[in-house]
Amino acid sequence: MDMNEYCLNMMARQRLDDLREQAARIALRAQVRRGQPLRVIVGHALVRLGNRLAGGLTPMRAAA
């Protein structure tokens, strides 16, 4: 009887581990999909860099 309980416990643990791995993969895939494309990220970075460079040469206006 102890062996059956042990086998049942091991099967349940393996099933839970499989489900946790699957959930982690789904969460990672969803996180990657929500991200912006690389061209958008690079474009924003270039705009920020240009604003910083221009800010050193011309006076910056205060936001209204």
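Mentor: A residue is buried under 20% relative accessible area, exposed over 50% and partly exposed in between, with a 1.4 Å probe and protein chains only. The model is predicted, so local features need pLDDT of at least 70 and side-chain atom pairs count only at pLDDT 80 or more, while totals for chains, interfaces and linings use all residues. Residues are numbered from 1 along each chain as its sequence is written, and side-chain values use heavy atoms, without hydrogens and water.

Trainee: Why is Asp-17 called partly exposed?

Mentor: Asp-17 has a relative accessible area of 35%.

Trainee: What makes Arg-20 and Asp-17 a salt bridge?

Mentor: A salt bridge needs a side-chain nitrogen of Lys or Arg within 4 Å of a carboxyl oxygen of Asp or Glu. Here the N to O distance is 3.6 Å, so the pair qualifies. The search of the whole structure finds one salt bridge.

Trainee: How far apart are Arg-20 and Asp-17 along helix H1?

Mentor: They are three residues apart in helix H1 (residues 2-34), and therefore separated by about one helical turn. A helix is a DSSP run of H or I with at least four residues, numbered from the N terminus.

Trainee: Why does Leu-46 count as exposed?

Mentor: Its relative accessibility is 56%, and exposed means over 50%, so Leu-46 is exposed. Leu-46 lies in helix H2 (residues 38-57).

Trainee: What share of the 64 residues is buried?

Mentor: Buried residues make up 0% of the chain.

Note on methods. Helix = DSSP H or I, 4+ residues; strand = E, 2+ residues; numbered from the N terminus.
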